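Below are my notes on the model you sent. They are set out as numbered points, to be read beside the structure.

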Amino acid sequence: HKYVYDFAEGNKDLKDLLGGKGANLAEMTNLGLPVPPGFTITTEACKAYLATGREPDGLAGQIEAHLESLERGMGRRLGDPHDPLLVSVRSGAKFSMPGMMETVLNVGLNDRSVVGLAAQAGGNERFAWDSYRRLIQMFGKTVCEVPGEEFEHALDEAKRARGTTSDLDLDADDLRGLVDAYKKIFLKHTGRDFPQEPREQLDLAIRAVFESWNAERAVLYRRQERIPADLGTAVNVVAMVFGNLGPDSGTGVAFTRDPASGAQGIYGDYLANAQGEDVVAGIRNTVPLQDLERLDKRSYDELLGIMARLEGHYRDLCDIEFTIERGKLWMLQTRVGKRTAAAAFVIAGQLVDEGLIDLDEALHRVNGAQLAQLMFPRFQLDHDFEPVAKGVGASPGAASGKVVFTSARAVELAAEGEAVILVRRETNPDDLNGMIAAKGILTSRGGKTSHAAVVARGMGKTCVSGADEIDVNVPAKRFSVAGQTVSEGDVVSIDGTTGKVYLGEVPVMPSEVVRYFEGTLDPDEADDALVRAVHRIMTHADAARRLAVRANADTGEDAARARRFGAQGIGLCRTEHMFLGDRRELVERLILTRTDTERSDALAALLPLQRDDFVEIFREMDGLPVTVRLIDPPLHEFLPPLEQLAVDVAVAQERGEDVAKEEALLAAVRRMHEENPMLGLRGVRLGLVIPGLFAMQVRAIAEAAVRVTREGGSACPEIMVPLVGAVQELETVRAEAEKIIAEVVGDSGVEVLIGTMIEVPRAALTAGQIAEAAQFFSFGTNDLTQMGWGFSRDDVEGAFFWRYLELGIFGISPFESIDRDGVGRLVRIAAEEGRAARPELKLGVCGEHGGDPESVHFFHSVGLDYVSCSPFRVPVARLEAGRAAV
Ligand code: ADP
Ligand code: MG
Ligand code: MG
């Protein structure tokens with residue numbers, strides 16, 4: 001079994017096996033770019049190790065063989081005392097998990113080879129000892145779990161003794177002393193000396209990378225990002241090149257376009273005389289990549305050429321890591337870079353313009369989650385608010401909240417329902433919990449490529465980084481800025497687009513993209529690249545999609561908004577609210593009546609009110625279908641709660657008031673009490689049991705449709721019967737409804753469809769029979785999920801879903817995204833058997849899933865005609881329906 005691949009053997013499509021980093025290092029190698037030689041140990045080796053706790057058979061031999069060939073190619077042997085080869089050992093999973101797993105640099109150094117390294121570098125002892133102390137530090141921390149702070153303290157101590165704050169001022173002797181101090185720390189924590197044997201260093205480091213896959217923060221990150229837990233990581237062993245050889249060396253990171261806005265240009269950070277991690281760790285302040293032109297024009301030009309080449313090759317924004325060793329450029333990493341939602345749209349548009357991709361491909365480069373982010377509100381800054389600081393707009397959005405300084409406090413306050421802004425000098429992977437809990441993240445150091453920025457962008461969380469006017473004092477729980485002090489619990493507002501920071505809570509307003517959807521911003525006139533890109537991609541999605549998109553809307557106002565957002569009708573108009581408010585009294589009368597006449601009086605009083613509601617909705621949806629669901633919830637939901645009523649009656653009796661009516665109500669509530677109301681007297685069952693109730697609703701719908709049509713409009717009502725499990729239920733309701741419709745509609749030309757929700761598993765399994773009586777099906781996937789799994793939606797999510805997620809029983813709540821295998825199968829069966837019985841059967845979905853990107857793709861694949869979702873999700877569903885179709 002082949003567990004090890006030379007860089008020359010891989011390519012960018014082998015991410016499953018080689019991880020993203022390894023696959024792209026191979027790709028760059030084969031493009032002829034300057035990549036230091038090395039090899040990749042596969043994710044399969046990692047999985048085997050994690051499953052059995054030991055390296056799989058054959059791995060050691062293959063590593064040996066590849067190491068020997070690397071040594072031959074470099075003309076040096078790993079850790080050779082006179083002329084050592086050093087390597088880095090780098091994790092790299094299929095999906096990038098920034099800073100989540102481990103990397104060890106300078107493997108191969110020991111007390112003897114450090115001398116050889118100095119000689120190799122022309123007698124540069126400072127460099128050699130700096131490299132050695134870094135090895136002990138990284139190896140100690142990541143391989144042997146020595147607390148990182150101990151090394152940090154020792155380094156601070158050495159700087160203090162030297163009277164400096166920069167590591168650059170430490171000379172060879174200082175660093176030699178530091179190596180001694182580090183070794184003592186290592187011994188103290190591990191009970192053994194720092195391993196001197198290079199091959200042992202290498203093997204332990206490889207094993208540590210394997211194990212880092214299951215580190216707590218990596219597990220947490222994967223859960224947050226929905227990355228499967230069983231992929232494993234690859235391990236890359238790469239010949240070291242050195243950015244810490246002096247001022248003509250250095251290391252940097254760059255993007256081929258601005259990952260925040262998508263704008264073209266040069267975006268990156270560079271740090272002279274430094275090794276890898278220094279750039280992202282924010283140890284010293286980096287300089288903008290443009291400055292490299294002045295420092296080393298040849299490397300700069302070469303780098304820009306390579307970046308252009310990578311963009312053309314990957315046909316997308318790339319991010320890269322590079323190192324310059326004494327004027328020689330080396331590429332250490334590239335990948336298709338993460339970007340903000342806005343940048344995703346803008347870049348996709350640009351790449352179409354540049355002829356690199358077509359519009360179908362552009363659709364694949366964006367997604368509904370990104371579009372949803374762009375619909376977040378913005379700060380409204382017309383008056384009074386002056387920023388107190390400006391950092392880098394690292395991840396867009398507008399967030400206000402109470403300031404906290406530690407991850408733990410962020411988690412605590414968020415659990416109490418507070419909005420919090422996590423403020424740090426810089427973040428590191430240990431802050432992940434706090435970053436998840438916070439509304440936004442504010443740091444005083446680091447640029448667009450800092451840990452805070454990268455992780456926040458990945459989570460879609462607002463982040464301002466590198467606001468260096470802010471002086472953060474974590475132990476004192478405060479920061480000072482512009483002569484003011486902000487303490488824990490004070491409110492600040494941060495704008496992740498502009499990088500501006502405000503004291504207090506800034507009010508918010510709708511985003512440009514929402515204004516575009518609302519029709520108040522003309523894309524042709526907008527000078528906003530984002531709005532133009534969104535318009536272009538949405539237009540293509542609309543042209544490409546097969547699924548229609550409707551909205552769930554219960555009022556004229558909601559219907560109007562949904563229509564502006566592009567809804568092609570209403571897929572679910574609930575009638576419950578038509579029984580609330582001042583109509584409660586009529587409903588109480590309806591429930592309390594003992595005689596048929598009293599009941600018909602109550603219904604007759606409700607009829608015109610409901611009719612007017614429908615008139616309003618039909619007018620707004622002129623020409624488009626409106627699916628009205630007959631009343632669904634148990635009627636006692638419209639009565640006051642039992643306990644409250646009992647107390648009221650008792651109090652009133654005490655006071656000697658007349659309580660006859662309240663007592664009757666109380667008796668009714670008692671009589672109607674159900675142990676399992678969701679499985680009780682609701683939906684179609686109400687229509688079968690309470691004479692005249694459905695008939696009143698059907699009449700109100702038909703009369704409203706006739707009125708709107710007589711006004712010159714066009715109403716297309718579809719009456720939907722909820723909770724049907726057997727065709728006989730539907731037939732009974734339908735027979736009565738058809739009589740009323742025929743009577744009301746007359747020759748007005750109005751056409752009313754009658755169909756049913758498919759939300760009881762039995763309905764899905766007898767869909768062929770039910771279709772005989774239904775002109776349409778609408779899948780009520782909320783109830784179908786509830787009854788399919790036997791989960792009470794209102795009770796279970798908080799109670800045990802966390803455990804199910806932890807165990808991997810499902811990766812996401814089945815109420816959020818359709819469970820394809822189970823509930824989805826019911827949908828598929830019902831769609832197939834329903835259509836077989838009645839080919840022209842209309843099929844739609846009206847559960848929450850209609851606005852969930854993954855689910856939209858599923859509904860497309862089973863051949864539904866439309867999805868319906870809340871008005872605000874309509875653009876997301878349109879986009880995803882387009883993506884599903886190309
Ligand atoms: P991450 O996945 O966290 O970015 P990497 O494996 O990319 O970790 O390593 C971090 C940094 O270490 C890199 O950006 C690079 O600068 C440095 N590095 C890794 N391997 C080498 C090498 N062979 N020579 C020089 N620097 C290296
Ligand atoms: Mg990296
Ligand atoms: Mg339902």
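1. Strands, in what follows, are DSSP runs of E that hold at least two residues, numbered from the N terminus. With that in hand, strand E5 (87-93), strand E6 (103-107), strand E7 (233-239), strand E11 (318-325) and strand E12 (328-336) each give at least two residues to the shell around ligand 1. The model is a predicted one.

2. The shell around ligand 1 comprises 17 residues, and the closest are Ser88, Arg90, Val238, Gly276 and Glu321. Sorted by class, seven residues of this shell are nonpolar, seven are polar and three are charged.

3. Overall, the protein has 35 helices and 33 strands. Its C-alpha atoms fill a box of roughly 105 × 65 × 60 Å along the principal axes. Of the 886 residues, 50% are buried. Among contacts with a separation of 6 or more, 67% are between residues 24 or more positions apart.

4. Arg326 sits in the loop between E11 and E12. Its phi is near 45 degrees, which is a positive value in a residue other than glycine.

5. Leu723 is buried, because 24 other C-beta atoms lie within 10 Å.

6. Helix H5 (residues 125-144) and helix H8 (residues 198-212) have axes that come within 9 Å and cross at roughly 50 degrees. The pair is therefore oblique. The H5 and H8 crossing is left-handed. On the H5 side the contact is made by Phe139, Thr142 and Val143, and on the H8 side by Gln201, Leu204, Ala205 and Ala208. By class, the residues of this contact are five nonpolar and two polar, with no charged residue.

7. Which residues of helix H34 (residues 853-861) are buried? They are Pro853, Ser855, Val856, Phe858 and Phe859. These buried residues pack against helix H15 (368-374), helix H33 (823-837), strand E32 (842-845), strand E33 (866-869) and helix H35 (874-885). Just after H34 comes Gly863, with a positive phi of about 85 degrees.

8. Asn24 belongs to helix H1 (residues 15-30). With 27 other C-beta atoms within 10 Å, Asn24 is buried. Apart from neighbours within four places in sequence, Asn24 is in contact with Lys12, Gln333, Thr334 and Arg335. Strand E12 (328-336), one of the strands that supply the shell around ligand 1, covers the numbers of Gln333, Thr334 and Arg335. How far apart in space are Asn24 and Val874, C-alpha to C-alpha? The distance is 37 Å, for two residues that are 850 residues apart in sequence.

Notes
Residues are numbered from 1 along each chain as its sequence is written. Chains are lettered from A and ligands numbered from 1 in the order in which they are written. This is a predicted model: local features need pLDDT of at least 70, side-chain atom pairs count only at pLDDT 80 or more; totals for chains, interfaces and linings use all residues. Axes are lines fitted to C-alpha atoms, for helices over the stretch in contact, and angles run from 0 to 180 degrees between N-to-C directions. Helices (H or I, at least four residues) and strands (E, at least two) are DSSP runs, numbered from the N terminus. Angles under 35 degrees count as roughly parallel, over 145 as roughly antiparallel, 65 to 115 as roughly perpendicular and the rest as oblique. A crossing is left-handed if the near helix is turned anticlockwise from the far one by less than a right angle, and right-handed if clockwise. Two residues are in contact if their C-beta atoms, placed from the backbone, lie within 7 Å. Ala, Val, Leu, Ile, Met, Phe, Trp, Tyr, Cys and Pro count as nonpolar, Asp, Glu, Lys and Arg as charged, and the others, Gly among them, as polar. A residue is near a molecule or strand if its C-beta atom, placed from the backbone, lies within 6 Å of it. A residue is buried if 20 or more other C-beta atoms lie within 10 Å of its own, exposed if 12 or fewer, and partly exposed in between; C-beta atoms are placed from the backbone.
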